[in-house]
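Have the structure open as you read.

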Amino acid sequence: MNSKAEAFKAYLEEKNITCFVIDEIKGDTLNSVVFRSNIEINGQQLPTIVVLDSSIYGMIRVLVAPKVLNDKNETELLKEVNILNKTYKSFKYYFDDDGSLVVDCCVLLKDGTVDGDLLYTMFEVIIRNLNSEYKKLMQLIWK
């Protein structure tokens, strides 16, 4: 396990946070470790991961809605995602190759260390935003 993942694991243990499943990616050149969990937004469990590897970055990713982009909703959704991305600096919404709506937050982690409080603060910011925006996004998706 890389040093950042070890540090985050220790942080979770110290804070008695037990909601993550830890998955070391075997054979990965960056020694990636994925911490998997869910966050609840409007009664929905959204898959959430923290990826810590040997690079200078850490990543928080939330799967907001799987495979939802289609010809009918594409224009309005892309406009809304663009508005969100211009509004919020610390994370970005996007659609992956399967048309799933995702939120990514990239955190710079200097000197191979992890500031667990910073990562948890970013979770709180993302959760607060999703609680605010989720209903509107779902209305555009299912329009």
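## Cysteines

The sulfur of Cys105 has its closest cysteine sulfur in Cys106, 7.4 Å away, and that's too far for a bond. A disulfide needs the two sulfurs within 2.5 Å, so Cys106 isn't in one either, with the sulfur of Cys105 as its nearest at 7.4 Å. Searching the whole structure turns up zero disulfides. Keep in mind that this is a predicted model.

## How H1 meets H3

Helix H1 (residues 3-14) and helix H3 (residues 116-141) have axes that come within 10 Å and cross at roughly 75 degrees.

On the H1 side, the contact is made by Phe8, Tyr11 and Leu12; H3 brings Gly116, Asp117, Leu119 and Tyr120. Sorted by type, the residues of this contact come out as five nonpolar, one polar and one charged.

## The nonpolar core

The largest nonpolar core has 39 residues, and those touching the most other members are Phe8, Phe35, Val50, Val64, Tyr93, Leu101 and Leu130. Elements giving two or more residues include H1, strand E2 (33-41), helix H2 (74-87) and strand E6 (101-108). H3 gives the most, with ten residues.

Phe8 ties the topics together. Leaving out residues up to four places away in sequence, Phe8 touches Phe35, Val50, Leu52, Val114, Gly116 and Leu119.

How values were computed: Residues are numbered from 1 along each chain as its sequence is written. This is a predicted model: local features need pLDDT of at least 70, side-chain atom pairs count only at pLDDT 80 or more; totals for chains, interfaces and linings use all residues. Side-chain values use heavy atoms; hydrogens and water are left out. Axes are lines fitted to C-alpha atoms, for helices over the stretch in contact, and angles run from 0 to 180 degrees between N-to-C directions. Helices (H or I, at least four residues) and strands (E, at least two) are DSSP runs, numbered from the N terminus. Contact means heavy atoms within 4.5 Å. Ala, Val, Leu, Ile, Met, Phe, Trp, Tyr, Cys and Pro count as nonpolar, Asp, Glu, Lys and Arg as charged, and the others, Gly among them, as polar. A nonpolar core is a set of buried Ala, Val, Leu, Ile, Met, Phe, Trp, Tyr and Cys residues joined through side-chain atoms within 4.5 Å. Buried means under 20% relative accessible area, exposed over 50%, partly exposed in between (1.4 Å probe, protein chains only).
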